[in-house]
Amino acid sequence: MAASMSNLATLLFPPVPSTAAASHNASGAREEIGDMIETLRAHLDMDVAFVSRQIGTTHRIFTHVAARGASPLNSGDHNPNENSLCWLVIQGKLPERVTDTSLYEDAACLPITDAANVRAHFSVPLRRRDGRVHGSLCCFSYRPRPDIEERDMQMIRSVAAIVSDQIESRIELEERGENAALEISRLIWDDDLVVIHQPIYDLTDWHLIGHECLMRYKADLERSPRELIEQARAAGKTIELELHVARKALATLDPDFPERFVAIKVSPDTLVSEALSKVIPDGLESRLVIELNEADKAEQHDEVKAAIQRLKERAWVAVNSAEAGFHGLQSLVDLEPDIVKMGRDFLSGVAVDPSRRALVKALVQFAAETEVTLIAQGVETREDLQTLRELGVRFAEGFILGKPTCPQRGTSVC
C-alpha cells in the first residue's frame, strides 16, 4: 500500500522544473478539483467520488462528480440533508469510514443508500478555516469495502484539505460579493449617497456652462467612492448603482439656469442597457451629458457604438481620450461622440512638456475638423490653464477654476 500511496501522491503533486512558469502551470494543474477526485476515485477503486457543498442546513449541491461509467448523481444535482449519508457524518451520527452500509442502521434506512446503491461510504467534511463545515468530499462503492483502512482515509483527508482550501477562496469571494451587494442596496435604500458638482467653464469669457456630477458618501463628502465602485463591479451592482446616481444627478439640474448642463458618468454596461434610456427624461437634449467611463474596458464595441448613436438623440455623449480604448484616437472617430474629454494624466504639465502640447494640438485640430467639443479635465495650475487657452482649448474644469461643491448644501467639498 505504501508504494500505491506514493504513486497517488505523484499524480496529485507531480514533480516540476524549477522555472517560475513551470511552477505556476503545475500549481494550476493541482487546483483542478475534478482531476483530483477522479485520481482519488481511481486510486481507491471506488465507483463514485464527489465534492458537495452545503446550502444552509437544509440541502447540498454536488459540485464535482467523478464516476466509473454511468453515475447515479451528477454535478448540479441537489440532495436534501435528511436523505444524505454525508450529513450523518457531519452530525457525528455516522463514522467517516463505513466499509459496509448494511452494518449501520442510520445509513441502511436512508432512501439514497438503495437508490444510489451505496454499499460502502467514505466521507470527510470540508471545513472552513474557522471550523464551519461547508461541504463534503465523499467516495462510495457499489460493494462493501472492508479493504479500505485508516491509512486510506488519511489520503482522503489530505485531498479533502486541498479541495477545502480552494473552495474556501471561492466562498470568500462569493461572500465579499454578497456583502458588497447588501451594502450597496443599503446605501441606495437609506439614501446615503449624494452628488457633488465639479464646475466646467468656458475659457473665452470664464462663464460657468455646466457641472460634472460625482458620487460621494453623504456622511463624508471627501471620502473617495473608488472602493464602492469596485464593490459594485464585484457584486454585479454597477448598473443599479450608476442609475441611482444618475437619478440623483438629474435632480440637481437648476431650473434657474437652463443653459447649464450636468454630466453623468456611466460604465459600458450601463451605457448599453435599456434601463439608462428609461431614466433620462425627454427634453434634456441640451442639458445632459452622458460620459462613457472606462471605455477601455468595454468588450462590446458594436453595442457601445450603437448605444452612443441612440443616446445622442436624448443627450450629448462624451468619451475620455485617455480611456477611449479600441486602438486610441482611431476609436474616437469610430465612436463619434459629441464631446472628447482630456484627462488630468494627459494634460498635467502641458505648459512645460512639448510632447503634451503636441498631443493637445492634434486633438484640437481633430475636434475642429470633426465638430467635436473638447473639454480639459483636472487643470490645476495657472500655467497649464494658460497654455491650454493658447492651444485653442475652449472648455475646462479643475481645481484652479473651481473646487467641487455640494448642490444640496451649497458649500465647497474640498
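**Note on the predicted chain: sheet, packing and salt bridges**

1. Met36 is found in helix H3, where helices (H or I, at least four residues) and strands (E, at least two) are DSSP runs numbered from the N terminus. Met36 is buried, with a relative accessible area of 3%; buried means under 20% relative accessible area, exposed over 50%, and partly exposed in between, with a 1.4 Å probe and protein chains only. Although Met36 and Val159 are 123 residues apart in sequence, their C-alpha atoms are 7.4 Å apart in space.

2. On the basis of the note: this is a predicted model, in which local features need pLDDT of at least 70 and side-chain atom pairs count only at pLDDT 80 or more, while totals for chains, interfaces and linings use all residues. Residues are numbered from 1 along each chain as its sequence is written, and side-chain values use heavy atoms, with hydrogens and water left out.

3. For the chain as a whole, the secondary structure comes to 16 helices and 16 strands, and buried residues make up 47% of the 414 residues. Of the contacts (heavy atoms within 4.5 Å) between residues at least 6 apart in sequence, 62% join residues at least 24 apart.

4. Strand E5 (residues 120-127) is largely enclosed by the rest of the structure, because 7 of its 8 residues are buried. E5 is joined to strand E4 (residues 97-98) by 2 bridges in an antiparallel arrangement, with Phe122 as the bridge partner of Arg97. With strand E6 (residues 133-141), E5 pairs in the antiparallel sense over 8 bridges; Val124 stands opposite Leu137, and Leu126 opposite Gly135. The hairpin of E5 and E6 has 5 residues between the strands, and Gly131 there takes a positive phi near 95°.

5. A search of the whole structure finds 27 salt bridges, each being a side-chain nitrogen of Lys or Arg within 4 Å of a carboxyl oxygen of Asp or Glu. One of them joins the side chains of Asp202 and Arg394 (2.9 Å, N to O). Asp202 lies in strand E7 and Arg394 in the loop between helix H16 (382-391) and strand E14 (395-396), so the pair ties together parts that are 192 residues apart in sequence. Asp202 counts as buried at 1% relative accessibility, whereas Arg394 is partly exposed at 43%.

6. Glu212 and Lys265 also meet in a salt bridge through their side chains (3.2 Å, N to O). This pair links distant parts of the chain, with Glu212 in strand E8 and Lys265 in strand E9 (residues 261-266), 53 residues apart. Glu212 is buried, at a relative accessible area of 3%, while Lys265 counts as partly exposed at 32%. Both belong to a network of salt bridges that links Glu212, Lys265, Glu291, Lys341 and Glu397.

Conventions
Pairing = 2+ DSSP bridges.
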